[in-house]
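Biologist: Could you take me through the sheet in this one, strand by strand, and then show me what packs around it?

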Amino acid sequence: MNLRVPGPTPLPPQVREASAADMINHRGPEFRELLGAVVADLRHVFQTDNEVVIVTGSGTGGLEAAIVNLISPGDRVIAATCGVFGERFAAIAQAFGAEVINLAAPWGQAIDPLELEAALDRTPDAQLVLVTHNETSTGVTNDLRSLAEVVRARRRGGRPLLVVDGISSVGAIPLPTDTWECDVVVTASQKAWMAPPGLAMLSVSARAWEAMERATCPRFYWDLRAARRYAERGQTPWTPAVGVLYGLRVALQMMRTEGLEAIYARHRRVGQRMREGARALGLELFASPAYASDTVTALRVPSGANGEALVTRLREQGVVVAGGQGKLKGQVLRVGHMGYVDVGDIEQVLEALGRALALG
Ligand SMILES: *Cc1c(COP(=O)(O)O)cnc(C)c1O
């Protein structure tokens with residue numbers, strides 16, 4: 001099967017093999033070495049000198065970890081959203097008692113930095129700004145560099161912190177954490193990392209660690225201060241997904257060998273080929289072309305065609321894609337192209353898509 005959903009993504013054979021190895025004591029020396037190697041490589045890909053914390057859970061768990069560690073009930077939080085995942089991030093903050101100011105861009109569009117600027121001016125006491133770097137539901141990559149610059153220019157006394165959902169971008173699309181002064185960046189093992197689901201990874205700035213000491217939101221499993229304490233001795237507070245870490249270690253070695261610039265260039269090639277090929281088939285991108293993502297492409301289901309039937313026709317040809325989420329159900333097809341992917345995989349998708357469309 002050509003698995004082309006936006007996560008979980010396919011595994012290289014070396015990663016599959018590594019993930020199947022026998023267990024070790026997660027309080028022993030082998031684990032210390034494993035965690036150390038993975039964290040060092042993650043910091044390289046995050047382009048950060050900040051600590052990177054690994055927690056066992058899905059990406060959403062990572063987002064919740066960021067929220068519960070940083071807010072106190074009643075805190076004002078600006079959530080810049082343009083799709084399902086941005087709304088989920090906002091909903092998590094709301095669930096834990098934040099007063100969420102929703103700055104919503106139309107779906108398919110990117111968040112406008114000028115609107116974020118205006119929202120920050122209206123909300124000078126905002127504690128956090130939440131941004132989804134790559135909105136997986138619409139296939140939009142936000143201009144995080146400009147958004148981060150707006151936050152930086154308005155930061156007073158260390159507030160607000162910039163908290164980024166980079167779940168479907170880090171490791172595939174450039175996100176220089178330190179250069180852009182991102183306080184927390186969250187990602188997850190089953191996206192661009194070529195590893196199985198089960199781990200969320202978060203970079204945490206010095207400012208964010210300080211904020212965690214003051215935040216009063218209750219937390220236990222997701223308490224990143226505990227993760228930080230345990231990391232000092234090469235451990236995690238609770239039993240981690242050891243098998244996923246084995247796979248991730250090998251995937252990160254592959255990423256080091258390929259090199260960050262080459263990885264970014266490969267994703268640009270793949271994204272471009274997907275968009276170009278889809279247009280040649282007469283399909284329309286859902287995302288505004290200037291912000292079209294290099295890790296996931298959302299295509300409008302042509303009028304008269306049935307979205308669900310198209311997904312089934314593709315599946316019958318060995319290509320597995322995703323449909324639309326939320327209000328986009330039945331309206332878009334989403335093709336994931338992050339991690340272990342090259343142009344050949346996309347040619348296969350395009351051929352199958354051509355046949356599926358011809359069948360109506
Ligand atoms: C996949 C994804 C999530 C959710 O991750 P889970 O691992 O399914 O919890 C959140 N945000 C973005 C941008 C994603 O692509």
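Predicted model: local features only at pLDDT ≥ 70, side-chain atom pairs only at ≥ 80, totals over all residues.

**The sheet and its surroundings**

Modeller: Seven strands make up an open sheet with mixed pairing, running in the order β2-β10-β9-β8-β5-β3-β4. The edges belong to β2 (51–56) and β4 (99–104); each has a single partner strand, so one side of each is left without a neighbour in the sheet. On average, neighbouring strands here are turned by 20° against each other, ignoring direction.

Now look at β5 (residues 128–132) and β8 (residues 161–165), which pair in the parallel sense over five bridges. In that pair, Thr 132 sits opposite Asp 165 of β8. Packed on the sheet is helix α3 (residues 59–70), which touches β5, β8, β9 (184–188) and β10 (199–204). The direction of α3 makes about 160° with that of β9.

As for the nonpolar packing, the largest core has 57 residues, and Leu 42, Ile 78, Leu 116, Trp 193 and Met 201 have the most contacts inside it. Helix α9 (residues 242–258) gives the most to this core, nine residues. Both domain 1 (2–6 + 259–358) and domain 2 (13–256) supply at least three residues to this core. Leaving aside residues up to four places away in sequence, Ile 78 touches a set that includes Leu 103, Leu 116, Leu 128, Val 129 and Leu 130. There's also a second, separate core of 36 residues, with Val 53, Phe 89, Ala 93 and Val 204 among them.

Terms used: Residues numbered from 1 in each chain as written. Heavy atoms only, no water. Core = buried A, V, L, I, M, F, W, Y, C linked by side-chain atoms within 4.5 Å. Buried < 20%, exposed > 50% of the residue type's maximum accessible area, 1.4 Å probe, protein only. Helix = DSSP H or I, 4+ residues; strand = E, 2+ residues; numbered from the N terminus. Domains from an automatic or database assignment. Contact = heavy atoms within 4.5 Å. Pairing = 2+ DSSP bridges. Axes fitted to C-alpha atoms, helices over the stretch in contact; angles between N-to-C directions.
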